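User: Got a model loaded here. Can you walk me through the packing?
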Amino acid sequence: MHQLIKISALILLSATVAQAAPTKDRHDEYKVRIYNHCQLVSEHKMTAQQIEAYQRLMQQEQVMHKLERPINAIEPQMDKLTDQMEQVSELAIQETEDPLHINKSYLRQQEQIAQQIEQLVEQHRADFEALEKQGEKIAAVADDFEQQLRPLTEGVEHDNIQIISPDKAADSYRCYSSL
């Protein structure tokens with residue numbers, strides 16, 4: 001029995017070490033590339049603090065994507081109502097050289113469409129508010145990440161920064177410059 005406990009402890013320790021080792025190795029996969037006019041100016045390995053700030057930013061971005069789903073789901077309906085509103089607005093007020101003609105029937109249709117839009121927004125008010133709050137969280141985390149990168153960018157003329165991570169390969173960078 002005592003031997004079984006030792007073996008179990010060794011297996012657990014081995015598994016823990018095996019899981020911990022890739023994490024340290026993976027830190028070497030995090031880099032910051034700084035570009036100016038599509039030219040690589042410098043490349044740096046990220047510090048543990050920079051990696052942590054970057055990972056927090058990516059986590060908050062994932063939360064934002066989840067919160068956007070209900071809004072994205074109503075987007076086609078909102079687009080349709082907006083298009084209807086534009087069409088009815090053009091018909092409601094007809095301007096010719098001299099007279100201005102207002103069609104009250106179309107104005108009533110305009111009001112009905114506006115109410116539909118308002119109802120749709122009201123039904124999703126909590127979703128919009130959650131997005132707004134998440135935007136504030138992302139801004140705070142992004143500010144922290146920017147502060148973490150500041151020592152790498154101070155005094156370096158640049159117009160773009162690329163983060164390379166285990167999930168984002170270096171070859172995914174594309175530069176679009178009009179210069």
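User: Tyr30 first: buried or exposed?

Analyst: Buried, at 8% relative accessible area. Buried means under 20%, exposed over 50%, partly exposed in between (1.4 Å probe, protein chains only). Note that this is a predicted model: local features need pLDDT of at least 70, side-chain atom pairs count only at pLDDT 80 or more, and totals for chains, interfaces and linings use all residues. Numbering runs from 1 along each chain as its sequence is written, and side-chain values use heavy atoms, leaving out hydrogens and water.

User: How many aromatic pairs are there?

Analyst: The whole structure has 2. Tyr30 and Tyr54 have ring centres 6.2 Å apart and planes at 75°, so they sit edge-to-face. Rings of Phe, Tyr and Trp (its six-membered ring) pair if their centres lie within 6.5 Å; planes under 30 degrees apart are stacked, over 60 edge-to-face, the rest tilted.

User: And which ring pairs with Tyr54 in a tilted way?

Analyst: Phe145, with centres 5.7 Å apart and planes at 45°. Tyr54 is in helix α2 and Phe145 in helix α4, 91 residues apart. Helices (H or I, at least four residues) and strands (E, at least two) are DSSP runs, numbered from the N terminus. Tyr30, Tyr54 and Phe145 make one aromatic cluster.

User: Switching to α2. Where does it bend?

Analyst: At Glu75, by about 40°. Pro76 follows within four residues. The bend is the angle between axes fitted to the seven residues ending there and the seven starting there.

User: What about the hairpin: how many residues separate β1 and β2?

Analyst: 2 residues. His37 in the turn has a positive phi of about 50°.

Key: Pairing = 2+ DSSP bridges.
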